[in-house]
Amino acid sequence: MKSIQLNDIQYRFWIDNLLRADNAYNVAYSFCIKGSLQVCTLKQSLELLTKEYEPFHATIQQKDMHPYFFIDNEYSNQFTLRECNEVLSDTEINSIIDQQAQIPFHLDQEYPCRFFLLKMPDRSILLTLFHHIVMDGLT
């Protein structure tokens, strides 16, 4: 299995994440998609995008006392679909999205990115969630 050693900034995020075990490093973006949506096509598109950047489909494990991204070539995105048959209010939508955005990452057990789709009859809300360790601008 291919591995990539964390850079200095990632190492600091990793150490802090071990000590805190909270959602302080979650980076969330949400998008409103109006009209009908082909969920399967969206999921495939997200998988193609994340496949290009190896740390997006890696867990962090220690090797020789140093943390490494261990790349999983047989991965599938962490994609959660929640379908609602009714139109939700903005308050209800924000509550659901906020709840999902607060879930901390367990970097030794899961990839540092996940996707959540709230699908309603009139629109869908896509939440993309990343751990800052893969959003540091240097990886």
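1. A salt bridge is taken here as a side-chain nitrogen of Lys or Arg within 4 Å of a carboxyl oxygen of Asp or Glu. The model is a predicted one, in which local features need pLDDT of at least 70 and side-chain atom pairs count only at pLDDT 80 or more, while totals for chains, interfaces and linings use all residues. Residues are numbered from 1 along each chain as its sequence is written, and side-chain values use heavy atoms, with hydrogens and water left out.

2. The structure holds 6 salt bridges, one of which joins aspartate 90 to arginine 123, with the closest N and O atoms 3.4 Å apart. Because aspartate 90 lies in helix H3 (residues 90-101) and arginine 123 in strand S7, this pair ties together parts that are 33 residues apart in sequence. Helices (H or I, at least four residues) and strands (E, at least two) are DSSP runs, numbered from the N terminus. Arginine 123 counts as buried, at 17% relative accessibility, where buried means under 20% relative accessible area, exposed over 50%, and partly exposed in between, with a 1.4 Å probe and protein chains only.

3. Aspartate 16 forms a salt bridge with arginine 20 at 3.9 Å between the closest N and O atoms, and both residues lie in helix H1 (residues 8-20), 4 residues apart, or about one turn of the helix. Arginine 20, which is partly exposed at 43% relative accessible area, also forms a salt bridge with aspartate 22, their closest N and O atoms being 3.5 Å apart. Aspartate 22 is likewise partly exposed, at 28%.

4. Helix H2 (residues 39-51) has 13 residues and reaches 18 Å from its first C-alpha to its last, close to the 18 Å expected at 1.5 Å a residue, the expected span being 1.5 Å times one less than the number of residues. Its buried residues are Val39, Leu42, Leu46 and Thr50. They lie on the same side of H2 because they cover an arc of only 65° around the axis, the arc being that of the directions from the helix axis to the C-beta atoms. On the other side of H2, Cys40, Leu48 and Lys51 are exposed. The buried residues pack against strand S5 (79-83), strand S6 (113-119) and strand S7 (123-131), with contact meaning heavy atoms within 4.5 Å.

5. An open sheet of 3 strands has the order S1-S4-S3, with antiparallel pairing; two strands pair if DSSP finds at least two bridges between them. Strand S1 (3-5) and strand S3 (58-63) are the edge strands, each pairing on one side only.
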